[in-house]
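Work through the exercises below with the sequence and the model side by side. Try each task before reading its solution.

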Amino acid sequence: MSMDLTPLRCLNNSISRFIHLVTCRISTAMPAEKDYINLVSLLKLVKPVLDDIANHKAPLDEALSKQCDELDTAVNEARELLEKWSPKTSKILCVLQSKPLVLKIQNSSVKLCGQCESSPNAQICIRESRNLKLGQLSEHIEEILRSQDGEKNPSADHLTEIIESFSLRSSQELLNERIALEKEKQKAESSNIKTELDRISQILELISHIREFVGKKKSVDNVQIPSYFRCPLSLELMWDPVIVASGQTYERAHIQKWLDQGLVRCPKTNYELAHKNLIPNYTVKALIVNWCNENKVELSNNSDKVEDVFEVRKVPEEEGSVQSSPEHSYVHSRSESASSAVSSIDYASAAPEIGVSRMSVSYPFTPPNGASPSPSGKFYNSSKAISRMLSFPSDSLHNELTSTPHVEKLVNGLRSLSTEVQTASAGELRFLAKYNIENRVIIGQCGAITPLISLLHSDNELIQEHSVTALLNLSIDENIKSRIAEEGALEPLIHVLKTGNTGAKENAAAALFSISLLDDYRVKIGRSGAVNGLVDLLKTGTVRGKKDAATALFNLSIFHENKARIVQAGAVKYLVGLMEPCSEMVDKAVALLANLSTIVEGCSAIAREGGIPLLVEIVDMGSQRGKENAASILLQMCINNSKYCRSVLQEGAVPPLVALSQSGTPRAKEKAQQLLSHFRNQRESAVARGRS
């Protein structure tokens, strides 16, 4: 009776296909390449054993036939995994998925050869197979993942080894790996495969450790890049920062790549994005320009995906020399503290990098040469202007480092029953926290936060003002800022915003803005009733107060549900008023309105308050950023309701839009072209309806 050689032929064929695939596909970019190359060597030794069986040098019984089937299955599973792999798939996950398959092939080969004792080639195959060290990289990764479960961070040596093993040296490689893992996570979530989901989550945590490790070494021209200027996705210095629906800031090209891959969650918060709109973060961009100028770093476009080429070079100049710029816009400078108005949750203290004034930089973009307008309208180098602002003789004593015993006495003074002692203690803490970073830390450690918050309800206006301003200055420190928020400062700050004197209201608005930069507090502030107080300040405040209010409202409006609250509180009426040419806040007002115009209520309010003529005027005569935002608002309104199209056309918007489509910023050109195209489509539709 002839034996059935079908299992033998199938296995032989599968091995040949696998060897051919590995030979053709393997490259240095392929993870677990050594394992696959070693498997090829092993399977080449198995083939002579199969030939011996076919030539009747070893018997093919039922057990051996079953072993052939098992090895055939293992080889085909490994081949299928290899066929699915591409440079866009996760390297680490591929290695972990490969391990059980390569070990299965190794074990099945040993078992098969062990049943062919009469084959002269079987012992060679067994000996070589046992010498192979397969799956070692996978075992190393699994060891690191297990240590993570024990809440132990991977060591620098382990992280370096993984970076080298998987060629994750560049930011682009790290980004590609994370995108691949996030896509696999989405698949696992939709399939409800918990074990796979847990493993992917572990790998993502490992990638997070690697990114943090790599990020600490990031520098430009040997200058360390502050973490809040690096894109959370690429870890590179941002040059075109944009805000997504969750309020986080990213480099445009990299977050666009993320979104283009079908990923719908914010990379940092993991919240699902309500929309895919990308809002330019002019504030962060301005801060980066200033930082580059301070550190003599050239900032240039390294992305092929973004058209707006942006370069910054340090230009030597005499103090006070005038700079001109086609893109002049307002920089909201305050001397009380060094908190920077970064419209992003990714805020961290910019004081050491930018200077030590509170620079609430407005969302309209500072000119590329780092120039900032003085009150007279002339442009000066920002860093020098800031330094000059700080030269207050009355404050010079408070720039010195204080001591813990001295601060403890002041903290005790805050609890005194004497109004004079409370006033003096709060006032000195205010000024000690004004410039000096170490002083803020000492004040925070001495327990000043709680009594300062309690004094926000003081009936004494000066105590209230000193206390709110001290908290504002302390909030520059990220850790202290979190503690201020956690210790219940929101309600007292809103109380000051509604009842305080002019200076206290302004600094309460600035403090609310500072706290809104924390992950969860943008939502909490919106729901707390602060919006009404900020809108009142927008209505009745000084120019500085209105700027503080607009800055805070702009940051709150990044969170979608806050937009309706701001509109319902009546902010649009006052913002439209601030778009008048004589206003000092045109660009600020139009930038906030651009956010509010993304909801129907916002468009209706802008039209109702007579905003369309002013927006058309800004498109014609405004700054570059003003034109850009005004065109964006008009586009939103016209798409929202056709009656707005008629109003915009009646105001003579077409000529300035045509000019803007040819000479504006890249985003302004895009918005102008879209609006002109929308007008054409509306006209053609009307003509078609008339003919019918």
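**Exercise 1.** Are Phe18 and Tyr36 buried or exposed? Then classify their ring pair.

*Solution.* Note that the model is predicted. Start with the surface: both Phe18 and Tyr36 are buried. Next, find the pairs. The whole structure holds two aromatic pairs. In one of them, the ring centres of Phe18 and Tyr36 are 6.2 Å apart. The planes stand at 40 degrees, so this pair is tilted. Last, place the residues. Phe18 belongs to helix H1 (residues 6–25) and Tyr36 to helix H2 (residues 33–54). They are 18 residues apart, and the pair links distant parts of the chain.

**Exercise 2.** Classify the pair of Phe229 and Trp291, and say which parts it ties together.

*Solution.* Take the distance: the ring centres lie 6.2 Å apart. Take the angle: 65 degrees between the planes. Planes over 60 degrees apart count as edge-to-face, so the pair of Phe229 and Trp291 is edge-to-face. Now locate both ends. Phe229 sits in the loop between strand S2 (223–224) and strand S3 (241–243), while Trp291 is in helix H11 (residues 282–295). The pair therefore ties together parts 62 residues apart in sequence. Both Phe229 and Trp291 are buried.

**Exercise 3.** Describe how helix H30 (residues 624–640) meets helix H31 (residues 642–650).

*Solution.* Begin with the axes. Those of H30 and H31 come within 5 Å and cross at roughly 135 degrees. That angle makes H30 oblique to H31. Then list the residues. H30 brings Leu634, Met637, Cys638 and Asn640. H31 brings Ser642, Tyr644, Cys645 and Val648. Finally, sort them by class: six are nonpolar, two are polar and none is charged.

**Exercise 4.** Which residues of helix H20 (residues 490–499) are buried, and which helices do they pack against?

*Solution.* The buried residues are Leu490, Pro492, Leu493, Ile494, Val496 and Leu497. They pack against helix H17 (449–454), helix H18 (461–474), helix H21 (502–515), helix H22 (521–527) and helix H23 (530–540).

**Exercise 5.** Describe the surroundings of Arg169.

*Solution.* Look for contacts. Leaving aside neighbours within four places in sequence, Arg169 touches Ile163 and Glu164. Now compare two separations. Arg169 and Val214 are 45 residues apart in sequence, and 8.2 Å apart in space, C-alpha to C-alpha.

How values were computed. Residues numbered from 1 in each chain as written. Predicted model: local features only at pLDDT ≥ 70, side-chain atom pairs only at ≥ 80, totals over all residues. Heavy atoms only, no water. Phe/Tyr/Trp six-rings, centres within 6.5 Å; stacked < 30°, edge-to-face > 60°. Helix = DSSP H or I, 4+ residues; strand = E, 2+ residues; numbered from the N terminus. Buried < 20%, exposed > 50% of the residue type's maximum accessible area, 1.4 Å probe, protein only. Axes fitted to C-alpha atoms, helices over the stretch in contact; angles between N-to-C directions. Parallel < 35°, antiparallel > 145°, perpendicular 65-115°, else oblique. Contact = heavy atoms within 4.5 Å. Nonpolar A, V, L, I, M, F, W, Y, C, P; charged D, E, K, R; others polar.
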